[in-house]
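Please look over the sequence and the structure before reading on.

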Amino acid sequence: MRADVVGQVVRRLSASYSRPFLAHASMAPSCGAARWAEDGSAVSVWSHSQGIHGLQRAIATVLELDADRVGVRHVESAGSYGHNGADDAAFDAVLLARAVPGRPVHVRWSRRDELTWAPFGSAMVAEIEAGVDATGAVLTWDYDVWSQGHTARPGYAGSPGLLAATHRDRSGPTPPAADPPAWGGGGTTRNAWPIYTFPQRRITGHRALRTALRSSSLRSLGAFTNVFAIESFMDELALAAGADPVAYRLAQLADPRAREVVGTAAELGGWARRGTEENVGHGIGFARYKDRGAYCAVLAEVEAVHEVRLRRLTLVVDVGRVVNPDGVRNQIEGGAVQAASWTLKERVRFDRWRVTSADWESYPILRFSEVPQVDVHLVERPAEPSVGAGEAAQGPTAAAIANAVADALSVRVRDLPITSERIVASLDQVGEPGVGR
């Protein structure tokens, strides 16, 4: 640690943030079809898998077949943002069809199957401690994040990644999910490095290897939680410093593209109206996805009376050169609505024996009547290389909503989802601004 930096710290603040396990919750459950040759020497599979080559190799490995005796064809069906139950349903069909060679077998999971047996996005916990100077600017930043792995796709890291394969084996528990390497975008630590100009930073990812619930890829992997935690804490630090949250961020942002999207989101989203309407709050969230992708700033406007109602999301995005404006807007808007559902509604529930959130009542998602107005604005940079837009909105949207709720109610909810019950529970934990529980 740099002694010159540590010596200037006049105060240390900390907080902890978390998200629960999340389900893909596709509107149509997973399905698959298979047909074995009459002599049982080869099998043909039809699946809506995101990775048919990995599925092919996994099936061949588990059944001890040459890979060229397993044919997998992609067929459009229920979509997902990562690894859902498609591969598992396909392998179920393979096993059942083996009993009736020459005849096709179609397997369709039920809603209960989908919500209780498909891989989940891992639950996560992030703990942050910041040392600040006399003005409230961050000098030291210590960040620890805990999570299960974020990918268990068939064949990844040497694991079949198939539910029925694990159940057939019975030799041990489900293998733990692996984590993508940092050069591949990372998993647990994706977007764990803040973009701000903090003089001293320490970021540590911790991966849980023993688990009862299967986790794998879900849109944005660890970035959703990490950005939610970092940007929520930035608001808490601004409050502790007596500073405007937008101005506080800009003072510690050197990247001109980052500064532009934050400032533009504040302007277009109505930051100047903040505090002028009773029970209405405004919050900002920002990140650059994977630290090298799209810049995305979100301004959320919520109304909180009997419940939290998300009224408006204003998103400003810099993806470099924009090739297809409608495509970028669709990706950003869809990601923001999905993130709003995660932030306000979704949580996998379970007891000591099983997952209990098995239907839309116990695993609610955002309804059409609850979808806010979403405005997406693109920063034109034709001279810059194009970067991906697909998952840039997830974390900033969660943070913006959380910060808007705190602005409206003066209550900080650090554990997602932000429900009425969580808000009431947080009332008992209100303390000095910026200091964790």
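## Strand E10 and its neighbours

A hairpin of 3 residues leads from strand E10 into strand E11. The model described here is predicted. E10 covers residues 295-304 and E11 covers residues 308-318. The two strands are antiparallel and are paired over 10 bridges. Within this pairing, Val302 lies opposite Leu310 of E11.

E10 also pairs with strand E9, residues 280-288, again in the antiparallel sense, over 9 bridges. Here Ala287 has Cys296 of E10 as its bridge partner. The hairpin of E9 and E10 has 6 residues between the strands, and Lys290 in this hairpin adopts a positive phi near 60°.

## Burial of the strand

Of the 10 residues in E10, 9 are buried, so the strand is largely enclosed by the rest of the structure. Buried here refers to a relative accessible area under 20%. For the protein as a whole, buried residues form 54% of the 437 residues.

## The protein as a whole

The secondary structure consists of 11 helices and 12 strands. A compact globule of 437 residues would have a radius of gyration near 22 Å, and the protein agrees with this because its value is 23 Å. Along the principal axes, the C-alpha atoms occupy a box of roughly 75 × 50 × 45 Å. Among contacts with a separation of 6 or more, 75% link residues 24 or more positions apart.

## Surface and charge

Terms used: Residues are numbered from 1 along each chain as its sequence is written. This is a predicted model: local features need pLDDT of at least 70, side-chain atom pairs count only at pLDDT 80 or more; totals for chains, interfaces and linings use all residues. Side-chain values use heavy atoms; hydrogens and water are left out. Helices (H or I, at least four residues) and strands (E, at least two) are DSSP runs, numbered from the N terminus. The radius of gyration is taken over C-alpha atoms; the globule rule is 2.2 Å times the number of residues to the power 0.38. Buried means under 20% relative accessible area, exposed over 50%, partly exposed in between (1.4 Å probe, protein chains only). Contact means heavy atoms within 4.5 Å. Two strands pair if DSSP finds at least two bridges between them.
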